[in-house]
Each structure stands twice: as structure tokens, then as C-alpha cells.
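Here are my notes on the model you sent over.

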Amino acid sequence: MKTEISRRRFLQGSAALTIVGVSGAASSLIESEEKAKISDYGLNKTQWSDKLQEISTLCEMCVNKCAAIARVENGVLTKLNPNPLFPKSRNMLCARGNAGIQALDDPDRLKYPLIRAGERGEGKFTRVTWDEAYEYIKDKMVKILDEEKDNRSAIGCCAGEGMAEHTYTSFMQGKIGTANFVNHSSICLATTIGGYTLTLGGYGQADLENAEYVIMAGANRAEAIVTPDTMDLFKRTKGRGAKLVVVDPRFTNTASHADTWLPIEVGTDLAFVLALTYVALTDESYNKKFAKENMSDFETYKEHVISNNYTPEWAEDITGIKAEEIRKVSRDFMAHAPRAIYYQGRRTAWSLQDYQLRRAQAIFSAMGGGIDIKGGIIFGKTLPLGEHRTNSPIYDNAEVRIEKGKAALIGGSGSWIAWRNTIIDGTAPYPVRAFFAYKQNPMLSVPNTAKTKQMLEKMDLVVVIDTMPSDTVMMADVVLPESVYLEREDPVKTFGGAEPSIALRKKVVDAKYDTKPVIEIMRGLGEKLSKPLFEISKKYDESLQEELEGLTEEEVLEYYNENGYDLADGYRHSQETINHHMVASVYGEEAWKTLREKGVFYPDMDKYFKKKSVNAYQYYPEHKKSYSMIEGQLINEPYHDTCVDTKEISVLKKEFRTATKKVACVLSNLEKKKGVPSMPVWNDELYTPTPKGKFKFITGRHGQFTQSATANNALLIDLLSENYLWINKRIAKEKDIELGDMVEVESSIGKIQIKAYPTEKIGPNVLFFVHGFGAESSELTLAHQRGVNDNLIIEDQYENTFGSAAMHETIVNLRRV
Amino acid sequence: MARYGMALDYKSCINCKACESACKEENGILLGADSHRIWVGVKEIEGVFPDLSIGSTSFEPSQCQQCDNAPCQEVCPTNATYYDDNGVVRVNPDQCILCTYCMQACPYDARYIDDRTLTVDKCNFCSDTRLMNGETTTACQATCPTKVRIFGDLDDPESEISQVLKAREHHTLKTHLGTKPKLYYLT
């Protein structure tokens with residue numbers, strides 16, 4: 001039965017009934033048959049019996065790790081609520097956080113280990129025991145490593161972001177010994193982390209609770225939620241303390257909070273920042289004291305920007321932003337500095353010039369003096385944790401990573417695109433024959449899905465550890481089901497910043513199926529693989545042979561144990577035991593008790609934490625917050641984003657940051673050693689203009705999905721049922737395209753069909769749809785072929801500094817179907 | 001005994017739909033339906049690219065306005081709609097005969113039919129799920145990332161909502177209809 005009365009969701013007078021949700025889903029277009037499916041998904045209602053427990057944990061519906069309190073009744077999770085104690089998540093759970101219950105209850109979950117039964121990709125699997133799965137993996141690994149003469153790098157692997165990522169990488173990189181690891185970094189934040197680290201010494205954290213002027217370019221914190229940035233900023237926009245300038249080809253939900261929205265030509269942000277810099281330099285409005293004391297080679301950079309004539313007029317031609325606007329933004333920024341931030345951004349895999357863009361942003365921010373100071377980019381304090389080390393063997397025959405020379409600074413987390421392409425284009429110096437994926441779905445997450453499929457097809461062994469039957473799982477030989485976050489304890493984590501704390505993800509319900517947390521999977525694999533792989537090393541590793549020469553059997557065993565060849569040795573303790581050690585060894589037993597009970601701990605929490613109002617809490621008194629920690633001298637290891645591999649950052653800084661305590665305007669070392677321009681420079685050759693009649697395609701996020709990981713979540717699909725193509729209204733009219741019409745978008749690598757959303761919120765030469773839809777896996781009841789996968793058309797270009805994906809360089813054609 | 005109301009600092013809303021999903025989880029709202037208890041109104045932006053009027057667009061979280069003088073209650077022939085002790089407008093599904101008079105009477109379109117029970121449903125400030133079980137606030141208020149909502153007792157002059165309404169300008173929706181809503185939009 002349907003009500004005939006239309007929903008009056010538009011409160012202000014008679015606003016036209018158009019689109020619900022900026023992401024472009026039109027409620028009127030949702031087909032009723034789809035909805036019938038979603039309505040089959042039940043929601044557990046709390047009965048409020050005396051069996052009700054409240055258990056603290058951390059969310060894993062995205063990367064933010066917000067603190068939650070799980071309501072559990074008779075072993076059934078009935079509600080997830082925010083845990084107010086955690087400074088980083090500020091007493092909130094977003095739509096995805098609430099939908100965590102669906103992640104647990106999804107009937108499509110991977111429930112037990114599987115081995116492929118049909119052709120690869122066919123989706124036919126047989127249920128097996130964990131031991132059978134490990135045995136299968138062992139046989140293949142032994143064969144591969146025997147044939148590759150113990151070159152451990154013949155085993156490739158990838159991981160998505162997560163609290164257990166390190167557990168997995170310590171096993172794959174450390175214990176197995178491969179150099180061929182790739183992760184989310186090069187399809188996400190490699191350029192900004194690298195750019196800010198090399199320039200400022202750290203990525204830092206934008207203090208949006210206190211900034212008075214914020215330039216947010218490309219970043220979309222209203223839809224791509226980052227904590228605490230999202231919560232801090234949007235309470236202060238719209239004339240309430242923070243001026244916001246949004247620079248984005250699209251009018252996003254973030255732009256609707258802006259004082260100024262500057263729609264910029266895609267891929268020209270660097271020209272914009274250079275012109276802002278030019279204005280501040282020629283105006284001499286920058287913070288001279290800060291520049292003198294804290295910026296190295298500042299005069300050289302000044303001369304560089306001015307002599308290159310990076311004027312606002314020059315930038316207007318490139319960016320489409322009026323010179324006067326550029327002047328105004330630069331002047332306003334400096335007028336508000338040091339409480340002025342050019343927001344660093346996160347998923348910055350945009351253009352071929354992205355690294356220099358991030359450098360230029362960091363230097364411009366620093367010119368205002370807003371570094372290591374309240375209201376600027378701060379580095380804060382990090383509460384240390386005890387150590388848990390795994391002992392890894394050294395393998396003589398393990399080769400360096402295959403894509404090493406494909407970009408200047410490919411570090412430990414690799415370049416996803418370059419790595420994959422090296423495997424399929426025949427330029428790899430040796431074969432990579434096995435592939436392990438953990439919590440990542442490269443079939444949907446890496447540009448050019450066809451090539452990812454080709455790469456997987458080449459493998460002799462594909463092992464996937466995940467919770468849902470993703471498109472990548474469909475390509476697996478062996479599927480190892482991970483317990484969802486609500487069923488497991490993860491490594492305890494420390495969260496730095498102005499208000500540092502430690503938080504714990506604790507199990508809230510028992511595993512529903514025959515699944516395991518990663519630490520137990522590594523233990524099981526380790527126990528199965530240790531001895532056979534040691535035999536292979538003995539056969540081919542000459543250093544090992546020398547070491548073992550003349551040793552008795554007993555002594556060999558001792559050597560094996562002492563040098564980490566027992567691959568399971570770092571994973572035998574329970575996660576709880578390890579966490580206990582890491583916390584209690586530094587803060588004592590009481591702290592551990594507090595953390596387990598409340599989910600959050602920091603020294604003096606009992607004294608500092610106070611409820612200020614219905615919505616607000618005090619975590620630290622103002623004078624105890626860690627804004628300025630380094631007083632003009634950048635320390636070596638400041639706090640980084642939670643997604644960052646700090647070891648990799650240290651290596652980068654050690655090698656290329658010469659003036660380690662100052663803002664590095666010029667990186668001569670990098671130019672000398674690697675040929676990367678020492679200062680941000682606009683390079684026409686790296687800019688892709690959009691030919692007339694064609695479009696540049698851009699992708700992005702929205703607040704209800706986390707990439708493809710939540711695509712099958714009934715509660716979230718109920719909020720946004722599919723993705724739509726944003727197309728400028730005038731262009732749509734010219735092409736006779738109306739809301740909901742099917743259109744075809746074609747790039748050099750593929751074409752897709754999608755429903756159109758004509759809007760004024762995007763320019764005439766740009767097309768956009770949100771990422772995360774379009775799964776092909778038939779095992780995903782709700783996500784299967786729902787919406788469209790952007791990586792079917794995004795070209796696999798990458799920039800040449802970090803090998804980071806350049807996702808916004810694709811030119812496409814459009815036609816009505 | 002209280003008189004519950006809600007103040008909405010709607011300028012902070014980012015249309016993330018956390019409130020909507022929290023409401024559904026808390027109250028077991030049917031998924032996939034056109035209508036449910038709470039929503040965020042989107043006023044589409046005016047202008048032509050690139051000259052858009054930022055001020056013309058807004059996100060306005062909404063739900064049952066919890067009128068003191070509720071037209072839906074007035075027209076209900078079976079008294080299925082009633083005011084509870086806390087002034088919350090509630091529906092007793094056992095008495096609802098699905099005449100839908102209330103849906104037509106409600107000027108805020110806050111009522112809808114639950115296709116499972118074939119009765120009319122609406123926001124009840126989580127009265128039967130949270131409030132009667134000792135919780136002090138609604139699911140939407142608790143979960144909101146940018147803390148749009150302040151829930152509390154309007155009869156208590158010391159409550160935060162009373163204080164906020166005293167200190168800050170606010171308006172109610174369709175005030176001229178005399179429905180006396182207990183949802184206040186802070187300006």
C-alpha cells in the first residue's frame with residue numbers, strides 16, 4: 001500500500017521537488033522491485049531486558065575509527081551509539097556508523113573458508129575447513145617459491161586501511177618476506193602526505209576548531225567525513241567563526257557551507273595556489289618573522305614564484321577563477337593568518353601535478369605562520385604505547401619491488417597502478433605469481449578494472465581475506481573470511497593531536513560464523529608455512545646455508561626459532577594479551593582497566609573529561625591542549641593521519657629533507673637524486689586540457705558509503721540507492737538529456753551507462769559520479785550491478801613522484817542512449 | 001511529566017543522514033519505504049553555473065513537529081493519535097484504522113503509512129524505545145555529527161533547551177497555522 005501524498009521535504013516555501021540528496025539520487029526514480037529487496041532486511045529492536053549490556057568499541061565502517069557503544073542484548077547487537085569519551089570522534093556516529101549492525105547481520109557475508117571450484121572469476125566455491133584452506137595455500141606457495149628459488153617477492157600482496165593492517169603486513173612483508181606490497185596510499189593520500197611531510201616535516205592536523213579562515217580545495221568534509229575535522233568545521237561555518245572558501249569543480253555539500261565557492265577547472269589547483277603565493281609575496285603580506293625564522297631557502301622560493309610570473313592574471317587563464325578573486329582570497333588568508341589553513345586534503349590522487357600542488361599548499365600555509373599553532377596546522381602530541389615486535393628472517397634472494405623505477409619515490413606501500421601494470425605489461429624483472437589481498441577490493445578501487453582483472457588472472461594463487469564477497473573475492477582461489485569488527489579485538493591504537501588519547505576496538509559479540517580475526521589467520525598460515533618455506537630457504541639461500549653449516553639438528557632448530565623462521569611466533573598471543581602489554585607497560589593496570597571498560601584512555605581523563613552541555617564535552621582543559629609543541633622547531637616524528645605508515649614517512653624524511661627543523665621551500669636533494677623539481681612549478685606538459693565537446697571525468701565520495709566496502713549494506717542503500725551522473729543542465733538540455741535518462745560515458749579504456757542528473761552544480765566540461773557502486777559480484781544480493789563502477793572508465797595514469805593515481809585526468813565522451 | 005521539545009541548530013547540518021539511520025536502527029523502521037520518521041529537507045540551489053547563490057540552498061532536518069495544538073490529533077476519529085504525559089504526540093497502532101485523515105491534516109507531512117502494520121507512523125521522540133527505558137534523549141540527537149539537535153524539557157526553565165530558546169532567535173514552521181510546534185529552528 002502506498003500513500004498518495006507526496007512528502008513535503010522542502011521546508012522553505014514552495015521549493016521545487018527535485019532531487020533528494022546532493023549525491024544525485026532521485027527518490028522518485030527508485031524502482032519498487034529493488035525496494036522490496038531492501039525491506040527484507042530487518043532491524044533489531046532493543047527489548048530492554050535485564051540482559052542488556054553496553055560494550056565500548058571502535059567503528060570500522062570507514063577509516064575514522066569513531067568510538068561507539070554497542071547495545072547488546074542476549075548476545076544480539078541491537079544498536080550502536082556514539083561513545084562521548086573519545087576526543088577524535090566528538091560524541092557522534094554517522095550514518096555508516098549506525099549501519100554497522102548491517103555489516104554484522106548481512107546474510108551475504110563470507111561465513112567460512114572457501115576454495116575455488118569453477119574457473120577463476122566464475123564465482124563457484126567449495127566450503128572447506130581452515131586447515132584445508134591453509135594446506136591449499138601451502139602447496140601453491142611451496143611450488144612457487146621453489147621454482148622462483150626463494151625469491152620471496154614472487155608473492156605479491158595488498159591491503160586496505162585498517163587497525164589490523166600492520167598485523168597483516170608484518171606477516172606478508174616481514175615473515176613471508178616480500179617487497180611487493182601495495183596499499184591504499186597510492187590511490188588515496190600519498191601525494192599530500194608526501195608533500196606535507198617533505199615540506200613541513202609532517203602532515204599534521206588542521207585545527208578546524210580554531211581556524212578562522214579555511215581554504216578547502218577539492219576536499220569535501222561534509223560528504224567525505226573525517227573526524228574531528230567534519231564536526232569541528234561545520235559548527236563554525238556560515239558566519240559563526242570560520243570563513244570557508246571552497247575550491248571545487250562541483251558544488252558539494254561542503255560548498256553549501258562556504259562563504260565563497262570557486263569552481264575551478266579540473267587539474268589546475270597548482271596554478272591557483274602559486275598565484276595566491278605570488279600575491280602574498282608581492283603584497284608582502286606574509287608572516288615575515290615566521291618566514292625568516294622557520295622557512296629555509298624562502299628567498300629562493302620568493303624569487304622563483306615572482307620570476308615565473310605566477311600572477312593572478314596568469315592563473316585566471318588556467319583555472320577559470322577571476323584574478324580579483326585570487327587576490328582577495330590571498331589577502332583574506334594572510335589577514336586571518338596564523339589562524340588560516342589551506343586544508344591538506346586526503347584523497348589527493350587527482351592530477352599528474354598533485355605532489356607539487358601539495359608542496360605549494362604547505363608552503364603557502366606556512367607563509368601565514370599557521371604551523372604548529374592554535375588555529376593552524378598542528379602536530380600535537382601522541383601518547384606512546386608499549387612495543388610489540390615480530391622477529392622477521394632476512395631472505396637473501398628476495399628481490400626489490402618490481403615497480404621500483406616507475407616513479408621517483410616509490411616507498412614501502414608502493415604504487416598500485418604502476419605495480420599492477422608492471423605485472424601485466426611484461427616489464428617486471430621477475431614474475432609475481434601469487435597475490436594476497438586483505439580488506440581491499442582492487443577490482444573496484446584501482447583505476448582500470450580490466451587491468452586489475454588481467455593481473456589477477458595471471459596469478460598462480462590468489463588469496464583474499466575479507467568479510468564480504470566482493471568482486472575481488474570472486475577472483476580468488478582461496479577465501480579466508482575475516483570476522484567483522486564487532487566480532488573481534490584489534491590492535492590498540494593511539495590517536496595524536498591537540499587532545500591525544502588511546503582507544504580500543506573490543507569484541508562486542510561472538511563471531512556468528514566460522515570466521516577469524518587477522519591475527520589468528522596469520523597464526524594459522526604461519527604454522528602451516530613455516531617448516532616447508534624454511535626448507536626452501538635452506539635450498540636456495542646461500543647466506544642461510546653458510547649460517548647453518550655444521551650445525552646439529554638441534555642447533556638448526558634453535559637458529560630457526562631465534563631468527564624468526566617460525567612464521568607464527570609473533571601471532572601466538574591473543575590480541576587482548578598483546579594490547580594489555582602495550583597499554584599496561586606504559587600506563588599501568590588501572591589505565592588498562594579504564595580502556596577496556598570505557599573504550600578510551602588518556603592520562604587524567606577522569607579529571608579532565610566533563611559534560612559541558614547536551615551535545616558538547618570537554619576532553620582537556622584549554623591550557624592542557626597540545627597545540628604548539630615544537631615552538632618553531634619541527635620535531636622529527638609528529639602525529640600523522642591514522643592511515644599513514646609512519647616508518648615509510650621516516651625513510652622519506654631521512655633521505656630527502658635536508659633542513660629537518662624548518663619549512664623546506666627548496667628540496668635540492670630530491671632534484672639532484674631523483675630529478676623531481678626542487679620547488680613547485682607549473683608544468684603545461686603535465687596538464688590535460690579538455691577538448692571542446694568533451695568532458696573531464698572526476699570522482700568522489702559521499703557521506704553514506706565507504707568506497708565499495710559498504711555497497712551491500714541495506715541501511716545505507718536505503719539512504720542512497722545508486723549513483724547518478726552529474727551533468728551541467730545547459731549541456732544536458734543541448735543533448736536532450738533529462739533526469740533519469742540513460743547516458744553513455746566513454747573514455748579511452750571503456751564505456752559505461754548510467755542515469756543522468758542534470759544540475760547547475762557542475763560546469764559544462766566536467767562529469768562526475770560517486771565512487772563505490774557497480775559491483776559485479778553475484779554474491780552481493782543488493783550491491784550486484786547497482787549503479788556504476790567509476791574505475792571502468794578512469795584511466796590508469798599516475799604521477800611521477802610517488803606513483804600515485806591521477807584519477808582526474810580522464811577525458812570522456814557523452815551521449816544519450 | 002515533562003514537555004519535550006527540540007531545538008535545531010540547522011545551520012550546522014551537512015545532510016549526512018546519520019539521524020535518519022539512527023532513527024531507523026533505534027525504532028525498527030521499515031527499510032526501502034518512501035517515507036519514514038525523520039528526514040533532511042534539501043532546498044536546491046538557485047542560479048546558473050558558475051553563479052550560484054550559496055545562501056539559497058540549505059539543509060533542514062525535519063520530523064514530526066510535535067505540535068501543542070496538533071491537527072492530526074484533532075481529526076483522528078478513533079483517538080489513535082494522542083498526547084502522552086510528556087506532551088509527545090503519539091500513535092496507538094492498535095486503534096489506527098488507516099483512515100489517513102491525520103496524514104492529510106498534518107501540515108508538515110510528518111506522517112506516513114508503515115507498510116508492515118498498515119497503520120500510520122511518525123516520530124515520537126523515541127518515547128517507546130529510549131525515553132521509557134531511562135535514556136534521556138533521542139537517537140537522532142545522540143548520533144548527530146555536527147550536533148544540530150538539542151532535546152529537552154520545555155517546562156524546565158533550567159533545561160538547556162529552555163535556556164537556548166531564551167538566548168537565541170528561533171522560528172517554528174508554518175507558525176501562522178497555530179499548530180504550536182515544539183520543534184524550534186535556531187537562526
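1. Three residues stand out on the domain 1 side: Arg250(A), Val266(A) and Leu352(A) supply 35% of what domain 1 of chain A buries against domain 2 of chain A, more than any other three residues. Bear in mind throughout that this is a predicted model.

2. Where do the domain bounds fall? Domain 1 of chain A is made of two stretches, 205-378 and 655-674, while domain 2 of chain A runs over 684-816. Their centres, taken over C-alpha atoms, are 27 Å apart. On the residue level, 18 residues from domain 1 of chain A meet 27 residues from domain 2 of chain A.

3. How many salt bridges link domain 1 of chain A and domain 2 of chain A? The count is zero. Polar contacts are there, though: ten residue pairs between domain 1 of chain A and domain 2 of chain A, with both partners at pLDDT 80 or more. The side of domain 1 of chain A that touches domain 2 of chain A splits into nine nonpolar, five polar and four charged residues.

4. Lys673(A) sits in helix H24 of chain A, residues 668-674. Leaving aside residues up to four places away in sequence, Lys673(A) touches Glu655(A) and Phe656(A).

5. Now the chain-chain interface. Here 75 residues of chain B are in contact with 76 residues of chain A. Chain B and chain A bury about 6,200 Å² between them, with 56% of it on carbon and sulfur atoms. Within the share that chain B buries against chain A, Glu25(B), Leu31(B) and Phe49(B) supply 13%, more than any other three residues.

6. What about charge pairing across that interface? Side chains of opposite charge can pair when their charged atoms come close. By the rule used, four salt bridges cross between chain B and chain A. One to look at is Arg71(A) with Glu26(B), where the closest N and O atoms are 2.7 Å apart. As for polar contacts, chain B and chain A have 19 residue pairs, both residues at pLDDT 80 or more.

7. Which elements of chain B supply at least two residues each to the side that touches chain A? Among them are helix H1 (18-27), strand S2 (39-43), strand S5 (58-62), helix H4 (139-143) and strand S10 (149-153) of chain B. H1(B) gives the most, with eight residues. Sorted by type, the residues on this side of chain B come to 36 nonpolar, 19 polar and 20 charged.

8. On to the overall dimensions. Chain A has 26 helices and 29 strands, and its C-alpha atoms fill a box of roughly 80 × 70 × 60 Å along the principal axes. Because a compact globule of 817 residues would have a radius of gyration near 28 Å, the 26 Å of chain A agrees with that estimate.

9. Chain B has five helices and twelve strands. Its C-alpha atoms fill a box of roughly 55 × 40 × 35 Å, again along the principal axes. For 187 residues, a compact globule would have a radius of gyration near 16 Å, so the 17 Å of chain B agrees.

10. Back to salt bridges, this time over all chains: the structure holds 68. Asp477(A) and Arg120(A) form one of them, with the closest N and O atoms 2.6 Å apart. This pair links distant parts of the chain, 357 residues apart. Asp477(A) is in the loop between strand S16 (461-466) and strand S17 (478-481) of chain A, and Arg120(A) is in the loop between strand S4 (114-116) and strand S5 (125-127) of chain A.

11. Last, a loop residue. Ser613(A) is found between strand S21 (610-611) and strand S22 (617-618) of chain A, in the loop there. A polar atom of the Ser613(A) side chain lies 3.0 Å from the backbone nitrogen of Ala616(A). By contrast, the C-alpha atoms of Ser613(A) and Val812(A) are separated by 51 Å, with the two residues 199 apart along the chain.

Definitions and conventions. Residues are numbered from 1 along each chain as its sequence is written. Chains are lettered from A and ligands numbered from 1 in the order in which they are written. Side-chain values use heavy atoms; hydrogens and water are left out. Contact means heavy atoms within 4.5 Å. Buried area is the accessible area (1.4 Å probe) that two parts lose on being put together, summed over both. A salt bridge is a side-chain nitrogen of Lys or Arg within 4 Å of a carboxyl oxygen of Asp or Glu. A polar contact is a pair of N or O atoms within 3.5 Å; within protein, one must be able to donate a hydrogen and the other to accept it, and residues adjacent in sequence count only if both atoms are side-chain atoms. Helices (H or I, at least four residues) and strands (E, at least two) are DSSP runs, numbered from the N terminus. Ala, Val, Leu, Ile, Met, Phe, Trp, Tyr, Cys and Pro count as nonpolar, Asp, Glu, Lys and Arg as charged, and the others, Gly among them, as polar. Domain bounds come from an automatic or database domain assignment. The radius of gyration is taken over C-alpha atoms; the globule rule is 2.2 Å times the number of residues to the power 0.38.
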